[in-house]
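Subject: Handover of a structure

Dear colleague,

I am writing to hand over the structure shown below. Please keep it open while you read the notes that come after it.

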Amino acid sequence: MTPAETPRVRGNDYSVLRPPDVGTWTPGLRVSVVVPAYNGQEKLDLVLAGLADQTYPAALTEVIVVDNGSVPPLRLPEVRPERTRLIVCASPGRANARNAGLRAAEGDVIHWLDSDIVLERTALEAHMRWHHLAPYLVVTGYLRFSAAPLPEPREIVSAGERGKLFEPAEPHDWIVELVERTDGLRTNAHRAFSIHIGGATSVNARLIEAAGPMDEELILGQDTEMGYRLSQAGAVFIPEPVARGYHLGPTMRMRDAKSIGRNSHALIPDRIPHYRWLRSHPARQWLVPYAEVEIDASAATYEDVRATVDAVLAGTVPDVAVVLVGPWDELDPERRSPLTDPRLDLVLIRGHYANDGRVRLGETTRAGEAGPTLDSAPFVLRLPPGWVPGEDSLAGLLDLARDRGLGLLSVLLEEGPEGIVAARLERTAAFARARIVAEPGEDLDGAVTEVYGSMWVSGETWGFLPAASARTPVGRRTAYRARIEAEAEVERLTKEVERLKGKVADWRGDAQRWRASAVELRREVGSLRKQVSALKRAQGFRGLARRLRRPFTDT
């Protein structure tokens, strides 16, 4: 498939892909089914029987069983696919066994399958119909967990629908819940990799080559960690309900979920930056940083580089690493007259940051160019030296890129007669995808815009300033003291508010008493007025009586 023919999926919305119905198309890609196994011969026999009569062509299918130190050694049963091999991996561990199978595989697509999962007859075909549409897909089938008595291998081959042998069975709840919550993973591109499970997932072989093999240092969680690196390599993750498999008995996670979670939560955060809730420590550094800031120091002054680097490291994103780009291997410091060294600034930069674990001296790269490694960050900010981000600038840009699903966020820093100066926040997965789909000579930024989206913002709005105008980063102790002072002031003001609330309550009580007194006074005044009126009336009557008696007296 040439780049011009490669469909361009935006984010993880694979709706543009239209797979054919099972049984209605002609396949051409080879698939290698890798089955790591440790003991469990009886279940392995059933797994191979389930692969023996798949609807996907046998000539395009190979099965590699990896014996990971079984006692007694495993054997290939009579009922099995034609092209089945048994190899031995003496190094214990599922990741080691899968990598051994991966090295032996010859297919265009690798299908991981556990040694206790029996596939429905159409499962491989359901997977492979997707892989014929695009070269960067990861397809995961649906598992059901069965406690039914184990059948004979011949029963599996002869069964029209294998569900009759294994039902009733329980669904893989967390996969079902994840798919339903994210509209089939289409609305959650940065977390879709979680669906990569080793028991029922197929991956384009070139995508694995770009991402790298399984991490053999991890005790648990290798599937999820590899899923993260596949996403970094540009993968699109697809849940396929037609590809059904039956897990013979419960998984290890079902038997001891608490211990599994404890181990995974201790080791996985170091390698998967997207699990932000597991990286809650305010200052820790991790193997894979959430963001990497690349600064080209090759033609910059020591002062400009230091201003930029120090501001980045003092920002609100502790989960960050800095890469200083320059001809470091070519430096040969002048010993006799060091101040006349034409590369003195580079010597000072290297000396200043050589022992800082958060800063690496390296060569320039382009996002997605060489594929992700164990330390590849999901975001790379390419920042010109001499430009200083505000304390929360990087955090804000990362939030914007994440919330809008952007592949490229360009920051306009300065515009003049000689052109523009800009910073670029690049999503590694977006550029990896763009390199897969871009035609020869096509502008990569344009391809990124198609598969993830891009946006321009103002540097001034987002707190970027020239070094000469920027403030010196605040030290942690200064920030700590300021916080303590602020907390003390808040406590003082809180007490003052409570005191004033008490005063207000007292004033309200006084006001209530005053209102009661005023009512009483009004009553007394009313009573006095009535008495006055009565007296006035009485006085008027007495005067009238006197006037009436006066004529009789005169006579």
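The following paragraphs set out what was found. Please note that this is a predicted model.

F237 deserves a separate look. Beyond the residues up to four places away in sequence, F237 touches N12, Y14, V138, L185, A192, F193, I195, H196, G227, L230 and S231.

Next, consider T201, which is in strand β8, residues 200–204. Is T201 buried or exposed? Its relative accessibility is 0%, and therefore T201 counts as buried, since buried means under 20%. The side chain of T201 reaches the backbone oxygen of I197 at 2.5 Å. If its neighbours within four places in sequence are left aside, T201 is in contact with I110, H111, W112, H127, V138, V139, T140, I195 and H196.

V88, in strand β3 (residues 84–88), has a relative accessible area of 65% and is therefore exposed, because the exposed class begins over 50%. From C-alpha to C-alpha, V88 and V322 are 43 Å apart in space, and 234 residues separate them in sequence.

Two pairs of helices complete these notes. Two packed helices are described by the angle between their axes and the distance between the axes.

How do the axes of α14 and α15 cross, and at roughly what angle? Helix α14 (residues 428–437) and helix α15 (residues 444–451) have axes that come within 8 Å and cross at roughly 110 degrees. The two helices are therefore roughly perpendicular, because angles of 65 to 115 degrees count as such. On the α14 side the contact is made by A430, F431, R433, A434, R435 and V437, and on the α15 side by L444, D445, A447, V448 and V451. These residues divide into eight nonpolar, no polar and three charged.

For helix α11 (residues 302–313) and helix α12 (residues 344–353), the axes come within 9 Å and cross at roughly 30 degrees. This angle makes α11 roughly parallel to α12. Here Y302, E303, V305, R306, V309 and D310 of α11 meet D345, L348, I349, H352 and Y353 of α12. The residues of this contact comprise six nonpolar, one polar and four charged.

Yours sincerely

Note on methods
Residues are numbered from 1 along each chain as its sequence is written. This is a predicted model: local features need pLDDT of at least 70, side-chain atom pairs count only at pLDDT 80 or more; totals for chains, interfaces and linings use all residues. Side-chain values use heavy atoms; hydrogens and water are left out. Contact means heavy atoms within 4.5 Å. Helices (H or I, at least four residues) and strands (E, at least two) are DSSP runs, numbered from the N terminus. Buried means under 20% relative accessible area, exposed over 50%, partly exposed in between (1.4 Å probe, protein chains only). A polar contact is a pair of N or O atoms within 3.5 Å; within protein, one must be able to donate a hydrogen and the other to accept it, and residues adjacent in sequence count only if both atoms are side-chain atoms. Axes are lines fitted to C-alpha atoms, for helices over the stretch in contact, and angles run from 0 to 180 degrees between N-to-C directions. Angles under 35 degrees count as roughly parallel, over 145 as roughly antiparallel, 65 to 115 as roughly perpendicular and the rest as oblique. Ala, Val, Leu, Ile, Met, Phe, Trp, Tyr, Cys and Pro count as nonpolar, Asp, Glu, Lys and Arg as charged, and the others, Gly among them, as polar.
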